[in-house]
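Please read the following report beside the sequence and the coordinates.

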Amino acid sequence: MWRAAVTKNGCRQSREKVMEKQPAATTDEDLNAAFEARIANGETIEPKDWMPERYRTQLIRMMSQHAHSEIVGMLPEGNWITRAPSLRRKMTLLAKVQDEAGHGLYIYCGAETLGIDRAELVDQLLSGRAKYSSIFNYPTLTWADIGVIGWFVDGAAIVNQTVLAKASYGPYARAMIRICKEENFHKKQGYEIIATLARGTPAQKAMAQDAVNRWWWPSLMMLGPSDTDSPNTAELMRWRVKRKTNDELRQRFIDLTVPQAEAVGLTLPDPDLKLNPETNSYDFGPIDWEEFWAVVKGNGPCNRERLQARRDAHENGRWVREAAEAYASKQQRAAQSPAA
Amino acid sequence: MRETRPITSAASRSSGPSNELGPLTPSSPIAPSSPPKLFPFLLGLADDRLVLGHRLSEWCGHGPILEEDIALANIALDLVGQATLLLNLAGKIEGKGRSEDALAYFRDGGEFRNLHIVELPKGDYAYTIVRQFLFDVYSYHVLEQLQKGAHRELAGIAAKGFKEVRYHVRHSSEWVVRMGDGTDESHARAQKALDDLWRFTPEMFRPDAVDIEMQEHGIGPDLTALKPQWDGVVREVMGRSTLVMPADSYMIGGGRNGKHTEFLGHMLAEMQIVARSHPGAEW
Ligand SMILES: [Fe+2]
Ligand SMILES: [Fe+2]
Ligand SMILES: [Fe+2]
C-alpha cells in the first residue's frame, strides 16, 4: 500500500492555517487567562488559536524531538535490512523503517502548524542543537536487535504516545493516535521475532538473550530522566502537553514487559526486578543515569555515526533537491507564459 | 515512428503499489507438465527483482529527501514481494522442496540468473534512478505480456506486478525528467548515469534458449518485439529530460547464464550471511 501519500511539500496541513485568531482589543493577560481556562476545561488547542509563546516553543521542541527520533531511528534498524534472514523478515523490516519515515514526516508537518519550517527543524538536528531519543545511539549488533527494538523501543514509545494522544495540542494528539496504530504493529512484529528466536536453535536463543541484555537498560532510560531531574514536567503537565511523569511511564512499561519476557523464557538483566504485592507493580534496580546523561550529551556509542549519516544523506541529496526545485520553477514559468 | 502508449503519464497511474503477498503455499511438486526451462525462466524473473529490490533498500534512511526514502522503500517492497512470489512458484515447479527462502539465501552467485544492470552498486541518486527507469520500462513491457501468458499462476503474479510497475515507471520517469531538466549538475549526473548504464541494456532484449522455449509455449514474451516499445518510451522521456540517448554499443551481459559482475558476490555475501550462518534455522 502507498503509505504516506503526501502533497508536494510533504505536508497535508496548510501553512495558511497558521494565523492567530486574536481579538483586537484584548491584552496579553486576558488572552493568557482565556487560554489557561480552555486548558483547564480540557479543550483542544488548534493551530489558529492564540497560545502563549512558551506553549508554542515547548510544543515545537517536543514535536521536533519526536520527529527527529523517528528519522534517526531509521538508521539502527536500517542497518539490518540488507541482512534480514528471510524474505518475509526483509519486507516487514523495510516496511517498518518506511513507517518510521512516515511518522517523522507526519510529525514535522504537525510542527509546521506552529509556524516553523521543516528545513529549519532539520537544520537544528544536523547542527546538533536539537535532541532525539537517546536509545538510537546504541548499535544494532545482531539480527535479534531488530526484534528487541520492536519489542522494547516501539513498546516504550507506545506507552509514551498513548498518553500523548490526549495532549492538548490537536495536531500532535491526532498524529499520536495515527502513529500509535503502526507502533503497535511494530511491537507485535518485534516480539514475534524474539519469540521465534527464543524457541529456535541454542545459538538463536543466545542471540535473543544477548540482545535483551544490551537493550533493557537503555530502553528504560529512553522514557526520560527521573521526575526529580525533569524541570519542565510540572508546567508541561499543567498544559496537558505531558499527561504522565517519566517515572509513571517507565513503571507502566516495566509492568507490561516483564510478563512478556517470562512468556518467551528470556531473562531481564536486573536481579532486583520483582513483583511488589502491595503495589502490584514490579520493583526494579537503580538506573545508571550517568550513562543516560553521557549519551544525551553526545557521548553514546553511536552519536557521532548517527548524526554523520544524517548529514551525509542531507549533503549528498542537496543537488537532488535543487534539481527538483529548479524543474518545478521552470514548469511554473512555462505554465504562466501565454505561449504555453 | 511508432506510437507508444504514454505509460509514464499520470493517466496510467495505478492506485499505488501494494506490498501484500498473496498466501504462499508450501513448495511441493506439482503436475510435471510444465516445460523444462520454466524453472530457470522463473529464476531470471525473480532474481532481477530480488537483486534490484535489495539495491534499492540500501537507500533506506539515506535518501535525498524523506519523501524519496518512503517512495524507494515502497518500490523495493514491491520488487522483493514480486520476487518472493516468483521464487515460491519456481520452487514448486522445480519440485525439490526448495522454498523461496532456500532459493534466495542458499544459491551462490553462479546460480543467480539476473541481468547485470540490476546488480550494479546503487551509485548516486542519478545512477539509481536512471537504472530504475531503464529497468522499470523493460519490466512494464515484460509483465504486460506475461500476464496474458499461458501459465496461469505466472500470469497471475505478473498481473499483480504489472499494476505495481505502472507506478514505478511513473516515479522513475518523473525523476529522470526532473534531473535531466533540473540544474546543470543534475543534468550532468543523469547524462553520465545514462552513458554508463547504456551498455547494460541490450542484455534485456537478447533471447536465450530459455526465453525462446518460453515464447514457443506461449508463456514468455518475444523479447525482440519488446525492444522497439522500450526504445519508444525511453526516447520520449529522454526528449523531455533533454538527455541524449547514447549510441548502441558492444553488449555486456551474461547474467542469465550465471556470469555476473564482481558486484553480485559482495551483495549476496551481505544478503545471505545471517541465513547461512544458521542453516536449518527458522526466522
Ligand atoms: Fe515511529
Ligand atoms: Fe514514535
Ligand atoms: Fe515504530
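A salt bridge is counted here when a side-chain nitrogen of Lys or Arg lies within 4 Å of a carboxyl oxygen of Asp or Glu. By that rule, the count between chain B and chain A is two salt bridges, and in one of these the side chains of B:Glu67 and A:Arg118 meet at 2.8 Å, N to O.

This is a predicted model, in which local features need pLDDT of at least 70 and side-chain atom pairs count only at pLDDT 80 or more, whereas totals for chains, interfaces and linings use all residues; side-chain values use heavy atoms, with hydrogens and water left out. Residues are numbered from 1 along each chain as its sequence is written, while chains are lettered from A and ligands numbered from 1 in the order in which they are written.

**The interface**

The size of an interface is often given as the accessible area lost when the parts come together. Chain B and chain A bury about 4,500 Å² between them, 68% of it on carbon and sulfur atoms, where buried area is the accessible area (1.4 Å probe) that two parts lose on being put together, summed over both. Of the area that chain B buries against chain A, 17% is supplied by B:Leu66, B:Ile70 and B:Trp283, more than by any other three residues. In terms of contacts (heavy atoms within 4.5 Å), 56 residues of chain B touch 51 residues of chain A.

**The iron site**

The iron ion (ligand 2) is coordinated by A:Glu70 through OE and by A:Gln161 through NE2, at 2.1 to 2.3 Å. These two residues link distant parts of the chain, since A:Glu70 belongs to helix 2 (residues 53-72) of chain A and A:Gln161 to helix 6 (residues 143-164) of chain A, 91 residues apart. A:Glu70 also bridges the iron ion (ligand 2) and the iron ion (ligand 1), which lie 3.5 Å apart. Donors are N, O and S atoms within 2.8 Å of the metal (3.2 Å for Na, K and Ca), and water is not among the atoms, so sites may look incomplete. Both A:Glu70 and A:Gln161 are buried; buried means under 20% relative accessible area, exposed over 50%, and partly exposed in between (1.4 Å probe, protein chains only).

| Residue | Phi | Relative accessible area |
|---|---|---|
| A:Arg240 | near 55° | 13%, buried |
| A:Asn280 | near 60° | 58%, exposed |

A:Arg240 is placed in the loop between helix 9 (233-238) and helix 10 (246-263) of chain A, while A:Asn280 is found in the loop between strand 1 (274-276) and strand 2 (281-283) of chain A. A:Gly110, in helix 4 (residues 87-112) of chain A, is buried, with a relative accessible area of 3%.

**The fold of chain B**

Chain B has ten helices and zero strands, and of its 283 residues 61% count as buried. Residues 24 or more positions apart account for 83% of the contacts in chain B with a separation of 6 or more.

Conventions. Helix = DSSP H or I, 4+ residues; strand = E, 2+ residues; numbered from the N terminus.
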